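Hi,

Here is the structure I said I would pass on. Have a look at it first, and then read my notes below.

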Amino acid sequence: MHEADFGVAGETAIVTGASQGIGRSIAETLAAGGANVGICSREMDRVGPVADEINDSDVDGEALAVECNVREREQVEAFVEEVVEEFGGLDIMVNNAGGEFVAPFEDISPNGFDSILDLNVMGTVHGMQVAGEHMREDGGGKIVNVASVNGQHPAPNESHYSTAKAGIIQLTETVATEWNDDGIRINCVAPGLIQTPGVAETLGIDSEDMPPRDQVDRRIGYGEDIADVVQFLVSPAAAFMTGETVTVKGVPRPGNSMQHDLGLQ
Ligand SMILES: CCCCCCCCCCC/C=C/C(=O)SCCNC(=O)CCNC(=O)[C@H](O)C(C)(C)COP(=O)(O)OP(=O)(O)OC[C@H]1O[C@@H](n2cnc3c(N)ncnc32)[C@H](O)[C@@H]1OP(=O)(O)O
Ligand SMILES: NC(=O)C1=CN([C@@H]2O[C@H](COP(=O)(O)OP(=O)(O)OC[C@H]3O[C@@H](n4cnc5c(N)ncnc54)[C@H](OP(=O)(O)O)[C@@H]3O)[C@@H](O)[C@H]2O)C=CC1
């Protein structure tokens with residue numbers, strides 16, 4: 001009888017941008033599944049307590065916090081190296097760090113557009129290339145990139161961010177075709193609207209009254225909705241998946257009606 005294997009116990013994972021929000025949920029979920037997690041953000045004061053909380057809990061996985069700006073290649077190299085030394089290898093890389101500001105296309109300066117491309121696309125490129133080097137030497141691994149529904153469907157005032165996230169989807173598909181012989185599976189998750197501190201700050205959406213997770217017809221998701229899909233993608237259960245983008249957004253809505261409901265257009 002076949003039993004599905006969603007396990008990550010004993011693996012080493014890195015999650016970028018894990019001081020809060022989706023990245024924090026992914027790190028906590030993988031650690032609860034028994035993986036050791038290296039986590040980063042731009043400020044140790046913010047990411048350190050997340051590692052402390054994991055290490056003080058009764059989950060099997062351990063956490064190591066490192067200050068790292070994913071826009072800086074040398075910092076990503078040092079971060080990955082530290083995690084490999086601490087835990088003895090690298091099996092899973094989750095490129096989650098990302099962000100945006102909301103503005104009409106005509107009001108975005110070249111530097112503004114570039115900052116969003118740099119954070120989202122180049123941050124992911126650095127993570128993939130640096131982790132990929134270790135994974136190739138060690139005979140394989142799993143990479144998950146965090147895109148967005150904005151990389152799949154148009155939405156006003158998101159031109160820079162949508163361009164960046166569409167780029168991450170293409171990057172995932174393309175590199176998956178190049179690295180399959182190295183035993184590296186690369187997939188992508190495209191979240192819809194998820195309740196996080198970043199969304200509260202950027203979009204002003206802060207739902208106090210979240211509907212239960214077993215209700216699919218929600219306007220907003222939990223970080224755990226994304227974390228669970230990430231764990232599936234890096235588990236043996238997804239051994240026959242690479243180059244895919246899994247959208248996690250609740251009930252499909254025609255056009256941009258979800259954004260309309262949310263007052264974003
Ligand atoms: C079927 C479809 C249905 C869709 C329905 C679902 C919709 C889902 C939508 C969810 C979208 C969520 C996206 C998220 O990513 S959530 C997480 C968001 N959190 C954050 O983004 C954090 C907050 N943002 C920031 O910290 C910064 O903006 C950022 C990190 C992104 C950039 O930082 P950086 O340090 O690079 O930026 P600078 O301050 O140095 O500025 C650089 C240039 O950018 C210009 N800029 C900055 N802000 C703005 C703005 N608001 N408007 C215009 N321009 C801006 C800034 O002026 C600089 O340019 P110049 O040097 O030329 O002045
Ligand atoms: N929430 C949503 O509705 C959606 C989010 N997404 C994507 O999911 C990912 C996470 O979003 P969310 O949790 O909402 O975001 P938050 O803004 O809540 O959290 C972002 C995290 O990334 C870290 N971070 C930001 N910039 C950098 C950087 N340059 N280097 C390292 N770490 C960084 C932040 O840490 P610190 O500030 O401490 O450095 C923080 O831990 C992003 O890629 C986002 O685009 C996609 C679709 C929808």
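**Starting from Cys40**

Cys40 counts as buried, because 32 other C-beta atoms lie within 10 Å and the cut-off is 20 or more. Before you go further, keep in mind that this is a predicted model. Cys40 sits in strand β2. Leaving aside residues up to four places away in sequence, Cys40 touches Thr16, Ala18, Val47, Val66, Glu67, Cys68 and Phe79.

**The chain as a whole**

The protein chain has 8 helices and 7 strands. Its radius of gyration is 18 Å, which agrees with the value near 18 Å for a compact globule of 265 residues. The C-alpha trace spans about 50 × 45 × 40 Å along its principal axes. Of the 265 residues, 44% count as buried. If you take the contacts with a separation of 6 or more, 75% come from residues 24 or more positions apart.

**The core**

The largest nonpolar core has 65 residues, and Ile14, Ala27 and Ile39 have the most contacts inside it. Helix α4 provides the largest share of this core, with 7 residues. What does Ile14 touch, not counting residues up to four places away in sequence? The list is Gly38, Val80, Val83, Leu90, Ile92, Met93, Val94 and Ala131.

Ala27 belongs to α1, where it is one of the buried residues. That helix is mostly covered, with 11 of its 12 residues buried. The buried ones include Gly21, Arg24 and Glu28. From first C-alpha to last, α1 reaches 17 Å, close to the 16 Å expected at 1.5 Å a residue. Just after α1 comes Gly34, with a positive phi of about 100°.

**The two ligands**

Ligand 2 is surrounded by 33 residues, and the closest are Gly17, Gly21, Ser41, Gly98 and Gly198. The elements giving two or more residues to this shell are α1 (21–32), β2 (36–41), α2 (44–56), α4 (110–137) and α6 (197–203). By type, the shell around ligand 2 has 14 nonpolar, 15 polar and 4 charged residues.

Around ligand 1 there are 26 residues, with Gly99, Ser109, Gly112, Ser115 and Gly198 the closest. Here α4, α6 and α8 (257–261) each supply at least two residues, and α4 gives the most, with 5. The shell around ligand 1 splits into 10 nonpolar, 13 polar and 3 charged residues.

**One backbone angle to look at**

Which residue other than glycine has a positive phi near 70°? That is Asn157. For context, most residues other than glycine have a negative phi. Asn157 is placed in the loop between β5 (141–146) and α5 (159–179). It is partly exposed, with 18 other C-beta atoms within 10 Å.

Cheers

Note on methods:
Residues numbered from 1 in each chain as written. Chains lettered and ligands numbered in written order. Predicted model: local features only at pLDDT ≥ 70, side-chain atom pairs only at ≥ 80, totals over all residues. Near = placed C-beta within 6 Å. Helix = DSSP H or I, 4+ residues; strand = E, 2+ residues; numbered from the N terminus. Nonpolar A, V, L, I, M, F, W, Y, C, P; charged D, E, K, R; others polar. Expected span 1.5 Å × (residues − 1). Core = buried A, V, L, I, M, F, W, Y, C linked by C-beta atoms within 7 Å. Contact = placed C-beta atoms within 7 Å. Rg over C-alpha atoms; globule rule 2.2 N^0.38 Å.
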